[in-house]
Amino acid sequence: MPPALPATINIREPRWDQSTFQGRAKHFFTVTDPRNLLLSGAALEEARRVVEDYRAGTVPPGLTEDQLWRAKYIYDSAFHPDTGEKMLLIGRMSAQVPMNMTITGCMLTFYRTTPAVLFWQWVNQSFNAIVNYTNRSGDAPITPSQLGTAYVSATTGAVVTALGLKSLTKHLPAIISRYVPFAAVAAANCINIPLMRQRELKLGIPITDENGNRLGESTAAAQKAIFQVVVSRIGMAAPAMAIPPVIMNALEKRAFLKRYPYLNAPLQVGLVGLCLVFATPLCCALFPQKSSMHVSRLEPQVRARIREKDPSVEVVYFNKGL
C-alpha cells in the first residue's frame, strides 16, 4: 500500500517555480487549457472538495500528489482566487483560446464594411468586459453603474479607433488595413481594463506579507497590477492579429482562395487559434501572478500602517488579476 500523502504540500502556490518565466509558462499552459471547459459541475465540486479538505489538513485516503495537483489546477481554472466564487464559464482563462480565436478571426475577416467593424468590435468588447470582471483582483464588488460605464467607454473607444483608422487607411495598401482591428483592440484594452477595475484604483487591492497575512489595501499595488494586465493582454493579441493578416494577404492573391472564398473565415480562425494556443499562456506568464512591491513604493498612509504593524516587512504581495 503506498504511503499516505503528507499534508505539507503548499497548494496555495503553483506547482512550478514562479520566479522564472519557464515555471510561469508551465503554470499558465495548465490554467488556460481549453479542455477544462468540458469538465462537469460535479468534477469541479469534487476538485474543490479535495483542495479545501487538503488545505484544512484532511488528506483523503489513496490521494496521490499528481491527483492533488490536478485537483488544484481544476479548482484554479474555475474558482476565483480571492473570493472563491465559481467564475462565469466564458470569463475563465480556459475559455480565452476558443472564444478569442472565433472573435479575432471574424474581426480580421470582416473588416471591410462599417457595420461589420461595429458589430465585431462590440462583440469583442462585450467578451472583454466579461473576462475583466471575472478575473478582477481582490474581493471588492463592482457596482452595476461602474460596470456599465466601463463597458460603454471601452466599446466606444474601440469602435472610434477602428472607424477612425479605417478611414485613414482607405488609400493605403490592403495589408495596412488588416491591422486596424489590432490597433482598436490595443486601444480598447487600455480603456476597458482600468475602467472595469476602477474600484481597485479608488480603494486598492489586498496586499499581504510573504506568509499570506493581510496587511491592508493599496491603490499603488492596483496601478501596478492593472498596468501588467494591460501589457499582457496587448501582447496576447499581438501574434494572433499580426501574423494571420500577412499569411491571408498572400493566400488571397492565389487562385485557391479565389476559387473557394468561403474558406477565408475558417482559415483565419484556425490561424488565429494556432497563435493563441501559445500566445495566451506565454503572455500571461510575462509577470508573476503573485506580484510584489517594495513597501517604500506604497502610499504613505499604507506604508505607515505596515511599519506600525510589522516593521520587518520590506516587500508586499498581491494578486495582479488576469
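1. Burial. In this predicted model, buried residues account for 47% of the 322 residues of the protein chain. The chain exposes about 15500 Å², and 64% of that area comes from carbon and sulfur atoms.

2. Overall form. The protein chain holds 13 helices and four strands. Its radius of gyration is 22 Å, close to the 20 Å given by the globule rule for 322 residues, so the chain is as compact as a globular protein of that length. The C-alpha trace spans about 65 × 55 × 35 Å along its principal axes.

3. Contacts along the sequence. Of the contacts in the protein chain with a separation of 6 or more, 75% are between residues 24 or more positions apart.

4. Charges. The protein chain carries 34 positive and 22 negative charges.

5. Isoleucine 90. This residue sits in the loop between α3 (65–78) and α4 (96–109). Is isoleucine 90 buried or partly exposed? Its relative accessible area is 34%, so isoleucine 90 is partly exposed, given that buried means under 20% and exposed over 50%. Leaving aside residues up to four places away in sequence, isoleucine 90 touches Ala95, Met99, Phe127, Ile130 and Val131. Threonine 134 is 44 residues from isoleucine 90 in sequence, and the two are 9.1 Å apart in space, C-alpha to C-alpha.

6. Leucine 201. Helix α9 (residues 198–203) contains leucine 201. With a relative accessible area of 32%, leucine 201 is partly exposed. Residues up to four places away in sequence not counted, leucine 201 touches Pro194, Thr219, Ala222, Gln223 and Ile226.

7. The hairpin of β1 and β2. Strand β1 (residues 205–208) and strand β2 (residues 214–218) run antiparallel and are joined by four bridges. Isoleucine 205 is placed opposite serine 218 of β2. Five residues lie between the strands of this hairpin. Which residue there takes a positive phi? Glycine 212 does, with a value near 90°. As a general point, side chains in a regular strand alternate between the two faces of the sheet.

Key
Residues numbered from 1 in each chain as written. Predicted model: local features only at pLDDT ≥ 70, side-chain atom pairs only at ≥ 80, totals over all residues. Heavy atoms only, no water. Helix = DSSP H or I, 4+ residues; strand = E, 2+ residues; numbered from the N terminus. Rg over C-alpha atoms; globule rule 2.2 N^0.38 Å. Buried < 20%, exposed > 50% of the residue type's maximum accessible area, 1.4 Å probe, protein only. Contact = heavy atoms within 4.5 Å. Areas by Shrake-Rupley, 256 points an atom, 1.4 Å probe, with all protein chains shown as cover. Lys, Arg positive; Asp, Glu negative; His and termini not counted. Charge placed at Lys NZ, Arg CZ, Asp CG, Glu CD. Pairing = 2+ DSSP bridges.
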